[in-house]
Amino acid sequence: MKIVVDTSSLLSIGFMEVLDETFDIAEVYITSIVLKELKEIAGYDDEKSDTAKRIMELVKDGKIKCFHIKDEQFSEYISRNVDAGEASCLALCISETVQFLITDDADAAYSLGRIAMQRGIKIRICVAVLMELVKAGIITGSDAKEKMNKLIQQRGWEGGVLEVLVRKYLEENVS
Amino acid sequence: MNEILTFREDKETIEKLNELAKRKMKSRSEIVREAVKEYVTHKLELIEIQKLAAKRYTEGKLSFDELVDILGYEEAKKVAYYKDISEISFAQGLA
C-alpha cells in the first residue's frame with residue numbers, strides 16, 4: 001500500500017515514534033517541497049527539529065521515497081489554507097495514483113477535501129497509520145492509546161476531537 | 001528573563017510599523033511587543049474555546065447548528081470535517 005504523507009503528519013508519526021514500523025505496512029511517499037519544509041524545521045532549535053532530521057535521514061536512506069512535482073501540477077490547489085507542501089502532496093497522489101493522503105493539517109484537509117474526493121483520494125490523519133499498526137499486530141491498542149494521549153498534548157483545538165475518539169476507539173475496545 | 005527574538009518582515013509592513021510607532025510616539029519594539037502579546041493571548045483563548053466546542057460536538061453534546069453559533073459557519077464546517085476524517089481514520093485505518 002502506498003501513502004503520501006505531508007509534513008504535519010510525518011512529524012506526528014515521528015513524534016509517536018512509529019516511523020520505522022510504518023514501513024512495514026506502507027510505502028511512504030513525499031514531495032521535494034515537503035523535504036524542503038523538513039530541512040527548514042530541522043534548522044530550528046525546538047523539539048520538532050530532531051524529528052525532522054530523523055525523517056531526512058530516512059529519505060536519504062531511500063526508506064521514504066521523495067518525488068519532484070512541478071509547480072504547474074499543484075499551483076491550482078494552493079489557497080489561503082493550503083500551502084505548497086500540502087498542495088504538492090495532493091498532486092503526487094494524482095500523478096502516482098496513490099489512494100491515501102495523510103495530513104494532520106485541519107485547514108488543508110478541509111480545503112482539499114472536495115477535490116480529493118472527486119479524484120478518488122482518501123484523506124486521513126496520522127491516526128489511520130497508528131490504527132493500521134494495531135490491526136497488523138505491530139503495536140498494541142494500549143501502545144496506540146499512550147502515543148495518542150502524548151500527541152493530543154501537542155495539538156490545538158483538534159485535541160478536543162481526538163480526546164473523545166481515543167476514548168471511543170482505544171479505551172472501550174483496547175486490546 | 002526576557003528573550004530576544006529576531007524576525008524579518010517585508011518593506012511595506014516595516015513602513016507601516018514605522019508610521020504607527022511615529023503616531024503612537026512609541027518605539028517599534030514596543031509596538032511589536034504589544035501586538036505579539038495581544039495576538040498570542042487572543043489566539044490561545046480562541047483555541048481553548050474551539051477545543052471545548054470541538055470536544056462537545058464530537059461527543060454529540062452540541063449540534064452542528066450550535067457549533068455554528070459558537071464558531072461561525074466556516075470554522076464549524078472545518079471542525080465537522082476534521083471530526084469526520086478523524087473518526088474514519090480511527091475506525092478504518094488505511095482501509
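Entry 1. I note at the outset that the model is predicted. On β4(A), the residue opposite Val4(A) is Leu101(A).

Entry 2. I then looked up the strands behind these pairs. Strand β1 (residues 2-5) of chain A runs parallel to strand β2 (residues 27-31) of chain A, and 3 bridges join them. With strand β4 (residues 100-102) of chain A, β1(A) also pairs in the parallel sense, over 3 bridges.

Entry 3. I followed Tyr29(A) onward and found Lys65(A) of β3(A) opposite this residue. The pairing of β2(A) with β3(A) is parallel and counts 4 bridges.

Entry 4. In what order do the strands of the open sheet stand? I read the order in chain A as β3-β2-β1-β4-β5, which makes 5 strands with parallel pairing. At the edges I found β3 (64-67) and β5 (122-124) of chain A; each has a single partner strand, so one side of each has no neighbour in the sheet. From one strand to the next, the twist averages 30°.

Entry 5. I turned to helix α10 (residues 158-171) of chain A and checked its length. Its 14 residues, at 1.5 Å a residue, should span 20 Å, and I found the end C-alpha atoms 19 Å apart, which agrees. I also recorded a kink of about 25° in α10(A), with its centre on Leu165(A).

Entry 6. Why is α10(A) described as largely enclosed by the rest of the structure? I found that 10 of its 14 residues are buried, and therefore the description holds.

Entry 7. I noted 22 residues of chain B in contact with 29 residues of chain A. On the side of chain B that touches chain A, the elements giving two or more residues are α2 (28-59) and α4 (73-92) of chain B. The largest share, 12 residues, comes from α4(B). By type, I recorded 10 nonpolar, 5 polar and 7 charged residues on this side of chain B.

Technical notes:
Residues are numbered from 1 along each chain as its sequence is written. Chains are lettered from A and ligands numbered from 1 in the order in which they are written. This is a predicted model: local features need pLDDT of at least 70, side-chain atom pairs count only at pLDDT 80 or more; totals for chains, interfaces and linings use all residues. Two residues are in contact if their C-beta atoms, placed from the backbone, lie within 7 Å. Ala, Val, Leu, Ile, Met, Phe, Trp, Tyr, Cys and Pro count as nonpolar, Asp, Glu, Lys and Arg as charged, and the others, Gly among them, as polar. The expected span of a helix is 1.5 Å times one less than its number of residues. The bend at a residue is the angle between axes fitted to the seven residues ending there and the seven starting there. A residue is buried if 20 or more other C-beta atoms lie within 10 Å of its own, exposed if 12 or fewer, and partly exposed in between; C-beta atoms are placed from the backbone. Two strands pair if DSSP finds at least two bridges between them. Axes are lines fitted to C-alpha atoms, for helices over the stretch in contact, and angles run from 0 to 180 degrees between N-to-C directions.
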